[in-house]
Amino acid sequence: MSLLTPERLRELREGPRADRSTLAAFALGLLLGAVHPAGLVAGGVLVGLVAPSLPRALLFGLYLGGLVLLVFVVSLLFAGTLGRAAGLGQLALLSVIVGFAFPALGALGIRGAV
Amino acid sequence: MQSEYLGVAVTLVCAALLVTAATVAGGFVSLAAPVSGEAWGPAYGANDGSPSDSLARVATGPTRIENPYGTARVSYDRDGVPHITAGNTEALYFAVGYVHARDRLFQMDLQRRLMEGNLSAAFGAGTLDSDRFHRRMGFDDAAEASWAAVEGSEAGAGVRAYTAGVNRYIEAEPLPLEFRLNDYRPTRWEPTDTLLVGKLIAWRLTGDFRDLRGRVLERRLPEAASLYPRQLDHESSILGRADLGGTSGTLGSPASPAVAEAGPDAATGETADDHRGLYDSLRRYQRPPGIGSNSWVVGGEYTASGDPILANDPHLSLTVPPVWYEQRLVLTGEASMDVRGVAFPGQPAVVIGQNREIAWGFTNVGADQTDLYDYVRPGEETYRYRGEVREVRRRTETIPVKGGEDAEVTVERTVHGPLIEHEGEAVAVAWLGLAGTRELRAVHRLNRAGSIEAVDRIVRRFDSPTQNLVAMEGDGGTYFRLTGRYPIRTVDGERVRGDRVFNGSAGHGEWAGWEPYGEADWNGSGFVPYEAVPHAVDPGYVATANQRTTDDPPFYIGSSTRYADPYRGARIYDRIEDRVGSGDPVTVEWTRDLQRDTRSAAAAQFVPHVLNATDEMSPEARAAAGTLEGWDRRMDRDSTAALYFALFRERIRNATFYDEFHPAGLDAGYYPHLWTVGELPADSRWFDDTRTPERETRADVVARAFERAVAATEREGYGTYGDYNVVDLDHQFPVAALDYPEAPTDGSPFTVFNFRTGAGTQAGSSWRMVATTGEGSVGVVPGGQSGVYYSPHYRDQLATWREGGYREIPFESGGPTVLVFEDEGEGS
C-alpha cells in the first residue's frame, strides 16, 4: 500500500493532523537541510508534500530555506565567525541563494507531481 | 485537468533547474550550501574566544587529544599566540606539530609542494616551470641528506614527534578553507618535509645564480667591471663600525699569505657561452633583491637598565599568512625551558626569540654559498671530469598535473651537483644546502641555551644558511657571529674567490669533503675552520643590515653584488653612535624608535644631486624638485617630497645605464647597486648618453630621471608617498577575500623601517622584535598568527605592524587552556 495515495496526501494536508504533519515535515526538513546540500532539496520535498497547494508549496520551501539560513547565521554567530563568513562575498551570497532556492524547487517539484 | 498539466510542468521545470545546478555548479553548491557547505566547516572552532567554544570548554573542558609522547597543554593568548607546556621534548613537539597544522596547514603544504616540485598536482599546469626547476635542483634529496644528519639526535626524535602531531591534526580535524576551495587533501607530513621547509628558507637566503650574472656582464659589457667592485666604497661594514672595545674573537684581518686569494681571472670555464639565456631562465628562482634584515645588540654599559637590548627585524617576502609563526614553548621538569619567539610553520623550534636567559636574532650575511661549474661535453649525456669522460646521471620524473596530462622532467646530475640546462647551455650547481646540513639541531639546542658560551658552542652545527647572529644574555654578555659554513675554493692549489663559473672539467673550485645530497666533512679542509669565522664576544654594540661583514675579511665571504647597499647599516650606526656619544642611555623605547626610523640615507646621497640638476629641468620638474629642499629625508606616507624621491630613485639607474646595457642585451636586473650610481663622479662616462652627440653629465641624467618621476606622479595620480607606498598583500590562493586589505605605510627598501612596494611580492619586516631581559620585550608580525581565514587572528596585527607598533610578548599566556594532550592510555 502506497503512502502517497491521494487520500493519504489529502489527509496529511487538510486532515485534523495537518498542522502536526507540517511541523514534522519542517523539523525533519531542517535536519536534512543542515547536514547535506542534497538535504535542502529533500527537506523541500518533505514540506512540499504537506503543502495544501502549489503556491503554498513555494512558500513552505522558502520558509524552510529561511529556517536553515537562520540556523546557519546563528551557528556562525555563536562560533564567532559570522562577520568573516559574510566577508567571503560571492560565496556567502551563493549560500543565501542555494538556501532559498533548493528547498523551494524541491517543494514545488514534488507538489506539482503529487 | 489544466492544473494537473501545470503541476507536471512545474515539476519538470524544477527538476531541470536542480539537475542543471547539480551538473553545472555542483562544486559551488557543495561549497556554499548553508550550514553543511564545505566552505563553512573551518568556520566552526576557528575562534577560541567565541561563545560556543567558551561554553563547550565550561561544559566539557578543553579539547582532548591523545599524544603518544606524553602530556601537553596549549593556551592561546589574546593575540592568538600558543603557549605550549609539556614534560618532555617529544610531547612538546607533538603538540607544536598539531598547533602548527591547526593554524597554518595550507601554508605548510604549499611550502613543501614548492620545494619538492609538486605544485602542479594541486594547482594545474601554470606551475610546471617551477616544479621542473625544483625537481632538477633535487631539494627533496637534500632534505633526505639533512634528515640523515639529524635523525639520530634529540632534535631528530623531536621532528618525528612533530610529524606525528601534524598528521594527527590532518587525520582528525577540518581542513582549511583553501583545500576545500581547491578540492584536494594534503598528504601525510613526513620528517623530510620539515627539513624541506628549512631548505626553502636557506635557499631563499643564500641560493643564487649571480656567478652567471657576473659571467654575462664580463662577456657582454667588460667595461662595466668597475661598477661591480669587490667592496662598495663605504665605511659602514658590520665590524668596521661596531664597538669592539674589550671584545674577544675573530674580527677579520688583512688576508695572510696562507689565505691569499687570486683574482677573478684565475679560473674560467672552457665554453664560449656567456650563459645569458641560462641566467635569465634561472634568476626568478634565486634570492630576490631587497631581501635583507636589520639587527643590533647594545651592551649593558650603554643602556638605562644596565642589561643588553637586542633588536631584529628580518626583511623577507611579505605573505598571507606571514612567513613567521609566533609561539612560546615551555618544558617542565629537569630539562626545563621557557622560550618564545617566531618559528617557521613546518619546523618546531623557535628560530628568532628569547628564553629566560638569552635572546638572539638573525640577518642574512650575503655570503657566496653557490658555486657553478661548466664542462667540456663530449656528448649530450657525458661530461669531461679530471681527464676522464663521465656519464651524466639522469632520471626521468613524472609530474602530476591537476586537470591536465602528466608532465615529465629529466633530472641530471654531475659530480658537483644538479646539472641545470636551458636551450643547450648548462651548469652544475653546488649549493651548500644540498648536502646534509645540521642547523635543525643547532636551532633546537639554541632554544634552551643558557649563556653566550652555550650559543657559541651550539652554533657550530649551524651549517646553513649563513647568517649574522646577534645574541645577548641577561647577565650582560653580548655576541656576534657569522653562522654557516664557508667553502674554500682552490685552483691548482691556490685559494680563489667563488664569484665566477668554475671549470668543472678541470675540477676547479671544488669544496673538499662536500658531496651533493650526501654527507659533508664540515670540519675538514674544504671549509674555513669555525674559529676563523668572524665573531665577537661582548661587543659594546654591533649592528647588521646585510652590509659587508668587515673591510678586511680573513677569507672570501662574498662580493659587493651579494651584499646590500650600506644605507640602512650606516643609518643604524649613525644613530647608535649619536646616542652613545651623547651620554643618553639606550632604552627599549629608543630602540623601538630606531626600528621605525624612516630617514633615508639614500635620499641624503641623491638629493644634493637632484638640487644641483634643477637648471636642466623643465619648470614643472624644477618646482617639484623644490619640495626636496628642506625635506627631512623621511620616507613618510604624507610626504610629497618622499614620493618624488622614491619615483626618482626607481628611475635613476635606468636613466644612467640603459643606453649602454640595453644594446648589450642586459636589462635592469644587471644594473649595479644604487649606492654605486650615487658615488659616480659627475663626469663619469656612464652618465654620457651614447645615443646623443653631446657629452652628458650627472646633472643631465639626474634631471631626466626626475622629469620621468614627476611625469609618473601625474600619470598615476599620486599626491603623497602614501598613495604609492601601499601595503597590498595577497594570499597565494586567488580568492580576493583571503587577501589582506590595502593601506599606506611609511618606509622604503633603504630605510631602517623597511618596506618594499611595487609589482610582485612585497617585502619588509617579517617580524619586528625588541628583546630585553625579563619582561618588556615586544614584537609584531605583518598580518596575524592564524592562517585560518575565519580566525580573529587572521590579520589582527596588520594595522599595528603597518603603523610601526608592537605588542608585548611576555612569558605568560593569560588565555584559557584550549587543548590538552594526554598520554595514550590515560584517557579522559
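**View 1. T187(B) sits in the loop between α8 and α9 (191-206) of chain B.** Helices here are DSSP runs of H or I with at least four residues, strands are runs of E with at least two, and both are numbered from the N terminus. Leaving aside residues up to four places away in sequence, T187(B) touches R112(B) and I170(B); a contact means heavy atoms within 4.5 Å. T187(B) and N167(B) are 20 residues apart in sequence, and their C-alpha atoms are 8.9 Å apart in space.

A word on what you are viewing: this is a predicted model, in which local features need pLDDT of at least 70 and side-chain atom pairs count only at pLDDT 80 or more, while totals for chains, interfaces and linings use all residues. Residues are numbered from 1 along each chain as its sequence is written, chains are lettered from A and ligands numbered from 1 in the order in which they are written, and side-chain values use heavy atoms, with hydrogens and water left out.

**View 2. Here chain B meets chain A, with 35 residues from chain B and 36 residues from chain A in the contact.** Together the two chains bury about 2,800 Å², 75% of it on carbon and sulfur atoms; buried area is the accessible area (1.4 Å probe) that two parts lose on being put together, summed over both. On the chain B side, L18(B), P34(B) and W40(B) lose the most area to chain A, together 21% of what that side buries. Which helices of chain B each supply at least two residues of this side? They are α1 (2-32), α2 (51-60) and α8 (177-182), and α1(B) gives the largest share, 14 residues. By type, the residues of this side are 26 nonpolar, eight polar and one charged. For this sorting, Ala, Val, Leu, Ile, Met, Phe, Trp, Tyr, Cys and Pro count as nonpolar, Asp, Glu, Lys and Arg as charged, and the others, Gly among them, as polar. There are zero salt bridges between chain B and chain A.

**View 3. R215(B) and D374(B) form a salt bridge, their closest N and O atoms 3.0 Å apart.** A salt bridge is a side-chain nitrogen of Lys or Arg within 4 Å of a carboxyl oxygen of Asp or Glu. This pair links distant parts of the chain, 159 residues apart: R215(B) is in helix α10 (residues 210-220) and D374(B) in strand β10 (residues 370-374). Over all chains, the whole structure holds 55 salt bridges.

**View 4. Chain A has six helices and zero strands.** Its C-alpha atoms fill a box of roughly 50 × 25 × 25 Å, taken along the principal axes.

**View 5. Two cis peptide bonds and a positive phi can be found in loops of chain B.** Most residues other than glycine have a negative phi, and most peptide bonds are trans. A cis peptide bond joins V320(B) and P321(B), with omega about -5 degrees; P321(B) lies in the loop between β5 (309-317) and β6 (325-331). Another cis bond runs from S464(B) to P465(B), with omega near -5 degrees, and P465(B) is in the loop between α13 (452-458) and β17 (467-473). H275(B), which is not a glycine, has a positive phi of about 70 degrees and is found in the loop between α10 and α11 (276-282).
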